[in-house]
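I am opening my notebook on a new structure. I will write down each thing as I look it up.

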Amino acid sequence: MKKVKTVFNIFSIIFLIILIFWITQVNYNDLSYKENASAYLGILSSAMMSLALQLIIRGIKEKK
């Protein structure tokens, strides 16, 4: 179980790095969806994947 937890932690860190990348891609002069659609979707998907991985890790902890 410890190996699985470590793998999920590594994936969480990777998705957080991707999230930071997408946050830097937002055009803050024009925050419209049309201008920043790909950045907003990248932020949303990275945040959701990080959250899902953290919930999986909590589920693994609770099973013990």
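What percentage of the 64 residues of the protein count as buried? I find 17%. Buried means under 20% relative accessible area, with a 1.4 Å probe and protein chains only.

Notes on the source. This is a predicted model, where local features need pLDDT of at least 70, side-chain atom pairs count only at pLDDT 80 or more, and totals for chains, interfaces and linings use all residues. Residues are numbered from 1 along each chain as its sequence is written, and side-chain values use heavy atoms, with hydrogens and water left out.

Next, the overall form. I count 2 helices and 0 strands. These are DSSP runs, numbered from the N terminus (helices: H or I, at least four residues; strands: E, at least two). The C-alpha trace spans about 50 × 15 × 10 Å along its principal axes.

Then the helix pair. H1 covers residues 2-24 and H2 covers residues 33-63. Their axes come within 9 Å and cross at roughly 160 degrees. The axes are lines fitted to C-alpha atoms over the stretch in contact, and angles run from 0 to 180 degrees between N-to-C directions. That crossing makes H1 roughly antiparallel to H2 (the term applies to angles over 145 degrees).

Last, one residue. I looked up serine 50, which is found in helix H2. Serine 50 counts as buried because its relative accessibility is 8%. Leaving aside neighbours within four places in sequence, serine 50 is in contact with Ser12, Phe15 and Leu16. Contact means heavy atoms within 4.5 Å.

How values were computed: Parallel < 35°, antiparallel > 145°, perpendicular 65-115°, else oblique. Buried < 20%, exposed > 50% of the residue type's maximum accessible area, 1.4 Å probe, protein only.
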